Amino acid sequence: MIKILNSQQIREADYFTIENEPIKSIDLMERAAQKAFDQIEGLLSFEKNVPIDVLCGSGNNGGDGLVIARLLFEKGYRVKVLLVDLGSKRSEDCEVNLQRCEGEVIKINESYQFNKNHVLIDALLGSGLSRTIERKLKQLIFSCNQNYQKIIAVDMPTGLFDENNQQGNQAIIEANATITFQQAKLSMLFPENAKFVGDLIVVDIGLNQEFIRNLSSKYFITEEVDVKNLVNLREAYSHKGTYGHTLIVAGEYGKAGAAVLSAKSAMKSGVGLLTLAIPSEINAIVQTSVAEAMTIDSGANYFELNINSLNRFSAIGIGPGLGTAEQTKNAFKALLMANDLPMVIDADAINLLSASEALLTHVKPNSILTPHPGEFKRLVGEWKNDFDRLQKQVDFSVQHQLYIVLKGKNTSISTPEGTVFFNPTGNPGMATAGSGDVLTGLLTGLLAQSYSPKDACILGVYIHGLAGDLAAKKHGQISMTASDLIAHLAEAFQQFNPRESQSLDESN
C-alpha cells in the first residue's frame with residue numbers, strides 16, 4: 001500500500017533522508033527537479049518551440065522551479081523565470097538556484113501581463129499551504145488561469161491545500177497536469193479538485209522508505225502487489241462446495257437486467273454456487289440469461305417474501321434493481337434480523353436504509369455498503385467539500401462498524417477501524433448503467449469464498465476497475481457497457497494468477 005502523508009510528514013521524510021542518505025538538501029532539490037523535468041519534457045514533446053514561463057516563489061517550490069528553468073534552458077527551450085515577491089526571505093536552496101539560473105529572470109506582480117501563447121510551469125507555493133491566498137496573489141492566480149492554455153504544476157497547484165480545501169473562494173491554479181513528489185497528496189484524490197490537478201504524475205525522489213513506513217496514516221492507495229497477495233489460487237483437490245454459495249436478492253419487475261448483471265459477475269468471481277432470490281415475473285428471463293444460477297421466488301413482482309434456510313448460503317448480496325416498495329422494506333428487515341452471514345448492501349437496499357434509522361440498526365457489523373455519492377448523501381446528509389465527505393464516510397464506518405465502498409474515481413473504501421483505501425483502477429467509461437450491479441455480484445462472490453470483508457473490498461474494487469480499463473482498451477470509454485466489464489473480469493483475475501497465466505502462455 002502507498003501511504004498518504006500530509007505535508008508536514010513529507011518534510012520530515014525530506015529531513016530524515018538528507019541526514020541519513022546522506023545527501024545535501026540542495027542536491028535532493030536537484031534530484032527532485034530533475035525527475036520533474038523529465039516528465040515535463042514528455043508533456044512538452046509536441047511543443048518544443050513554445051515559450052515557457054516558470055512562475056517561482058521564494059520557498060523550496062520556487063527552488064524546484066528555478067532548477068527546472070535551468071534544465072529547460074540547457075536543453076534549448078525558450079524559457080523565462082517569473083519571480084513573485086511573497087514578502088518573505090528566499091529559502092537558502094532557492095537563493096542558490098537563483099544564482100545558478102540561466103536565461104531571462106524578471107520580477108513580477110499581480111498586474112503582470114501574461115502571454116496566452118506561452119506554457120506556464122507553476123512553482124509558486126507547492127505543498128504545505130496553511131492559510132488562504134491574499135488578495136494580490138489571488139489576482140495573480142486568476143490572471144494565470146485566464147491567460148495560459150497549458151499549465152503544469154510542480155508538486156502542488158498553487159492555492160490547493162494538501163487535505164482540507166474548505167475555503168470556498170480560495171484562488172487555485174487550474175493545471176492541465178501536476179507533477180508531485182514521492183506520493184499523491186490526499187486532496188489530489190478528490191473529484192472536486194480534478195480541475196486544479198489535471199493529469200496527476202507521481203515521481204519517486206528517493207525519500208527514505210523505512211522512515212515513511214514508520215509514519216502513521218489512515219489513508220492508503222492500493223497497489224498491484226497488494227492485490228496479487230490477496231488473490232487465492234484454486235486448490236487441485238477442490239469442488240464447487242469449496243468456493244461457497246452466494247445468495248443475491250435482486251430485481252423487481254422491469255429490472256431483471258440488474259439481477260442478471262450481478263449474477264454473471266458473481267459467477268466470474270469464482271464462487272462455487274449461486275442462487276438468486278427474484279420475483280417470479282422475471283424468473284424466466286434470469287434463468288435463460290444465467291444458466292449457472294439457481295433461483296427462488298422472492299414474490300410476484302418484487303421482493304416481499306421471507307427467505308428461509310439462510311444457513312445453506314455463505315454470503316448475501318442485496319439491492320440491484322430491488323425497488324423500495326413497503327413490502328420490500330418489510331422483507332428486507334426480516335432478512336437483516338435473520339441473517340448472520342457476510343453481506344453486501346447496494347442500490348435500493350441502501351435507499352431503504354437511508355429512509356429508516358431503525359432498519360439501519362439491524363445491519364450486522366462488518367457488512368459492506370456500496371453507495372454512489374447520491375446514495376451516500378441520502379445516508380449521511382450534505383457535506384461542505386470532499387474532505388468533509390470523506391470524514392463523514394469514516395465516521396459512518398466507525399459508528400456503525402461497516403465497510404463503505406464509496407464509488408467513483410479513486411473509489412474510497414472505509415473500514416470499521418477508520419482506515420481508508422483509495423483504488424487506482426477504473427475510468428470514466430464505467431459511469432454507465434449496471435456497473436454498480438457488477439461490483440455487487442463480484443464483492444458478494446468474494447465474500448462467499450471466505451475473503452474477509454476488508455480483503456473482498458480491496459480486491460473486488462481493484463479487479464472491477466481493472467476490468468473496466470481492459471474493456472476501455474478494446475471498446476473505448478464512450479461505448480463501454482456493464483456487460484463489457486463482466487467480459488473482462490476473467491482477464492483481470494488472470495493477471496494475478498501465475499498458474500493460469502503460465503498455462504495460457506504455454507497453450508499459445
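**Figure 1. Val 84 sits in strand S3, residues 79-84.** This is a predicted model, where local features need pLDDT of at least 70 and side-chain atom pairs count only at pLDDT 80 or more, while totals for chains, interfaces and linings use all residues. Residues are numbered from 1 along each chain as its sequence is written, and side-chain values use heavy atoms, with hydrogens and water left out. Strands are DSSP runs of E, at least two residues long, and helices are runs of H or I, at least four long, both numbered from the N terminus. Val 84 has a relative accessible area of 11%, so it counts as buried (under 20%; exposed is over 50% and partly exposed is in between, with a 1.4 Å probe and protein chains only). Setting aside neighbours within four places in sequence, Val 84 is in contact with Leu 55, Cys 56, Gly 57, Ile 108, Leu 124, Leu 137 and Leu 140 (contact means heavy atoms within 4.5 Å). Ser 58 is 26 residues from Val 84 in sequence, and their C-alpha atoms are 7.5 Å apart.

**Figure 2. Leu 189 lies in the loop between strand S7 (177-181) and helix H6 (194-197).** Beyond four places in sequence, Leu 189 touches Ile 4, Ala 184, Ile 221, Asn 410 and Phe 422. If you go looking for Gly 321, it is 132 residues away from Leu 189 in sequence and 30 Å away, C-alpha to C-alpha.

**Figure 3. The largest nonpolar core has 43 residues.** A nonpolar core here is a set of buried Ala, Val, Leu, Ile, Met, Phe, Trp, Tyr and Cys residues joined through side-chain atoms within 4.5 Å. Ile 40, Ile 52, Val 54, Ile 68, Leu 72 and Ile 121 have the most contacts inside the core. Helix H2 (residues 25-43) gives this core its largest share, seven residues. Zoom in on Ile 68 and you find Ala 33, Ala 36, Phe 37, Ile 40, Ile 121 and Val 154 touching it, not counting residues up to four places away in sequence. There is also a second, separate core of 42 residues, with Val 231, Leu 443, Ala 467 and Phe 493 among them. In soluble globular proteins, nonpolar side chains tend to be buried together.

**Figure 4. A cis peptide bond joins Glu 21 and Pro 22.** Omega for this bond is about -15°. Pro 22 is in the loop between helix H1 (7-20) and H2. Most peptide bonds are trans, and most residues other than glycine have a negative phi.

**Figure 5. Asp 155 has a positive phi, near 75°, without being a glycine.** Look for Asp 155 in the loop between strand S6 (150-154) and S7. With a relative accessible area of 10%, Asp 155 is buried.

**Figure 6. Asn 366 is a non-glycine residue with a positive phi, near 75°.** Asn 366 is in the loop between helix H13 (357-360) and strand S15 (368-369). At 38% relative accessibility, Asn 366 counts as partly exposed.
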